[in-house]
Amino acid sequence: MLTIENVTKTFGSFTAVDNLNLQIPEREMFGLLGANGAGKTTTFRMILGLLSLTDGHITWKGKPVNYSISEKIGYLPEERGLYPKVKVSDQLVYLARLKGMSKKEAEKELMTWLERFGITDYKNKKVEELSKGNQQKIQFISAVLHKPELLILDEPFSGLDPVNVELLKEAVISLKNSGVSIVFSSHRMEHVEELCENLCILQKGKPVVQGNLKDIKRSFGKKNVTVHSDDDLSFLKTHEGVVKWKETNDGIRLQVANEPVSQDIFRALQGKGFIRKFELEEPSLHDIFIEKVGAVYE
Amino acid sequence: MNKFWIMLFHTYKNKIATKSFIISTAITVLLVLAVTNLQSIISVFQSDDGKQQIAVIDETGGLYPAFAKQLKAADTDNDLQAMETKESEKDAVKRVKNGEWDGLFIIRQDQKGTITGAYKALTISDESAYKLLKQALTQTKTAVETAKLGISAEKVSSLYTPPEVSKDALEKGAKSEEELGQVMGLVYIMLFVIYFSVIMYASMIAMEVATEKSSRVMEILISSMPPIQQMFAKLFGIALVGITQFAVLIAAGYLSLKLNPQNDASSPISAFLNFTDVPVSTIVYAVIFYLLGYFLYATLAAFLGSVVSRIEDVQQTIQPMVFLVAAGFMIAMFGIGNPDAGFITVTSYIPFFTPMIMFLRVGMLDIPFWQAAAGIALTLVTIVIFAAVGAKIYKGGVLIYGNASGFKAIKQALRISKK
């Protein structure tokens, strides 16, 4: 269990993280979301002990976070970092040894991961010779090779093609199922929706939305309505309860205040022409994110 | 194995395996071989076929044996091979032109009995043969003239022998003439070694740190082990690289000196490198001051490297440090002939200069132990302060990426790492 209690971090007069409270149990994937500069990386760096806290506590299994537990933490930084001129196997084994793993075990574990990602050929290549996607896989291996109990992934899927995103997702899920606590940040809401049960949206260092994904969606209240039709539906723009209106290629997409409004709209559409599709959807995390954070940044 | 050692040996192995290290070591080894075999190299260019053949025409008819004897005595390096010829001057000149002989020397005597000589060779740019021949003829002439006056050879030689003037330092413990000469050699070498290795290894460290930072692997490293441990693992790793390099150079120099028969005890290079009379304490001081110099500047370089975001900026950022080292070296070079000077005494207590200048004083003068100890202590304190502040700057510095440079970046780094 990772506990973040009343954590605040200021740089001079600038507050990067403001009174953050989080609890991340074992065998759990936690999503930390936020626009650029919201304080995600600062939070990660505090969890890792790279930055000291201005106020509050961070504990892992009840113990304060410091170098005594750094071996149990794996970290995938947003800015990827590996030695460009060192062989893949050499540097991965070196990094794992710095995390307290024996050379023999690290080599064994490394082969398992390389096989899993289908990149055993690159074992003796220098990192600078690899493609960006393969470098990312190597970077991911460097974060998990030493079998961490807590894994921090800063934008793990950025820059990967869909096939590799799936490969990495599977790896992350199997790690979670084996008991690893995982915190990850992403700009890609669909990844968070797919992987996380709990999440927190940061805005200017403050948590604006926090909790279980389903609860968040439910309490958000607003729903999405998609209507596909060739007829003019612009009269719905002024319909009561319609919060957002957007024209699409096939028709319109609405955001409505609550479910009853959608029923009103359904009734209002009767006799207004041919409706190919009428759909009521839960709000996506994307919508929630835009709503909570985007307004300020628009 | 402890993480500290893992990082130390990783740094060491990576540096040793780089092309630049191998090439620079190879070039330096060649240089060492060249210097230690200077004698042989010079002689190769001086006389391709060994001795110069000089034909001598003795027009006086009786001076040649005495002349040959004097020439042999003067020609200590055995460069010339003189032989008398009865041929005419014209024929002899022809032979010189054909290259059969390297030179022709004619001994003449006019009516008054005055002895003169003439030297003919294809080129007269080589002064050594001319000088030897002239010297030999002068001696011959002196012998002839003094014999005429009835003075014995012994008297002549005693007339020409310069008086012996001895030099003794009266202060107890002051260096004797012989010691000073040898110590000077050692001080020279040490000053160069400190100067070059500080510049070379310190920038190697700055480069290493900046490379890890710019490749962003640093963030992973400092999440694995405390920055101060990391910093010292690098310092010791690079120190080990330095020791390896010196071991190779010293071994190469030693073997080359031992294996070349021309480098016997009397050759100038051996005399310069003969440290048998250097006191053990001076050697110990040399090692101490070398280590102090290395760690002082290496700590400085490590945190300077940590505030740099791009490798291109490393040289610019460590420039002030390089100036400091160069300034210390210059002061030492000015002071080596005058180690008593006031500015030398003062600068020997400034930690940045202590490793070079205090060593110079310890080597060349007989200074009280407390002075050397004070210099060492001051430098040690400075190193500890640098390490403490440096570790903070290092911890913060590796997390900042921006255009800030120099003091601005250092301030920013300190702000990030502070509690």
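This is a predicted model: local features need pLDDT of at least 70, side-chain atom pairs count only at pLDDT 80 or more; totals for chains, interfaces and linings use all residues.
In what order do the four strands of the open sheet in chain B stand? The order is β2-β1-β3-β4, and the pairing is mixed. From one strand to the next, the twist averages 25°.

Within this sheet, strand β1 (residues 52-58) of chain B runs parallel to β2(B), and five bridges join the two. One of the residues involved is B:I54, whose bridge partner in β2(B) is B:A82. Helix α4 (residues 64-74) of chain B lies across β1, β2 and β3 (103-109) of that chain, and runs at about 175° to β2(B).

Chain A has a sheet of its own. Here six strands form an open sheet in the order β6-β7-β8-β3-β9-β10, again with mixed pairing. The edge positions belong to β6 and β10 of chain A; each has a single partner strand, so one side of each is left without a neighbour in the sheet. The twist in this sheet averages 15° from one strand to the next. Strands β6(A) and β7 (residues 150-154) of chain A run parallel and are joined by four bridges. In this pairing, A:G74 stands opposite A:L151 of β7(A). Helix α1 (residues 40-47) of chain A packs on the sheet, where it touches β3 (29-34), β7, β8 (181-185) and β9 of chain A. The direction of α1(A) makes about 155° with that of β7(A). Helix α4 (residues 132-144) of chain A lies across β6 and β7 of chain A, at about 165° to β6(A).

Chain A as a whole holds nine helices and 14 strands. It is divided into domain 1 (2-216) and domain 2 (222-282), and the C-alpha centres of these two domains of chain A lie 41 Å apart. The C-alpha trace of chain A spans about 75 × 45 × 35 Å along its principal axes. Of the 298 residues in chain A, 38% are buried. Among contacts in chain A with a separation of 6 or more, 68% are between residues 24 or more positions apart.

Most residues other than glycine have a negative phi. A:K61, although not a glycine, has a positive phi of about 55°, and is found in the loop between β4 (55-60) and β5 (63-64) of chain A. A:K204 has a positive phi of about 50°, and its place is in the loop between β9 (198-203) and β10 (206-212) of chain A. How exposed are they? A:K61 is partly exposed, because 13 other C-beta atoms lie within 10 Å. A:K204 is also partly exposed, with 17 other C-beta atoms within 10 Å.

The two chains touch each other, and the contact takes 23 residues from chain A and 21 residues from chain B. On the side of chain A that touches chain B, β6 (73-76) and α2 (88-98) of chain A are the elements that give two or more residues. The most come from α2(A), which gives four residues. This side of chain A divides into 14 nonpolar, five polar and four charged residues.

The buried nonpolar residues remain. In soluble globular proteins, nonpolar side chains tend to be buried together. The largest nonpolar core here has 142 residues, and those with the most contacts inside it are A:I152, A:I182, B:I205, B:Y297, B:A298 and B:A301. Beyond its neighbours within four places in sequence, B:A298 is in contact with B:Y201, B:A202, B:I205, B:L235 and B:I238. Another core lies apart from the largest one; it has 18 residues, including B:I54, B:A82, B:A92 and B:L132.

Is B:I318 buried or exposed? B:I318 is buried, because 24 other C-beta atoms lie within 10 Å. This residue sits in helix α13 (residues 314-335) of chain B. Not counting residues up to four places away in sequence, B:I318 touches B:S203, B:A206, B:A301 and B:L304. B:I318 and B:M207 are 111 residues apart in sequence, and their C-alpha atoms are 9.8 Å apart in space.

Definitions and conventions:
Residues are numbered from 1 along each chain as its sequence is written. Chains are lettered from A and ligands numbered from 1 in the order in which they are written. Domain bounds come from an automatic or database domain assignment. A residue is buried if 20 or more other C-beta atoms lie within 10 Å of its own, exposed if 12 or fewer, and partly exposed in between; C-beta atoms are placed from the backbone. Two residues are in contact if their C-beta atoms, placed from the backbone, lie within 7 Å. Two strands pair if DSSP finds at least two bridges between them. Axes are lines fitted to C-alpha atoms, for helices over the stretch in contact, and angles run from 0 to 180 degrees between N-to-C directions. Ala, Val, Leu, Ile, Met, Phe, Trp, Tyr, Cys and Pro count as nonpolar, Asp, Glu, Lys and Arg as charged, and the others, Gly among them, as polar. A nonpolar core is a set of buried Ala, Val, Leu, Ile, Met, Phe, Trp, Tyr and Cys residues joined through C-beta atoms within 7 Å.
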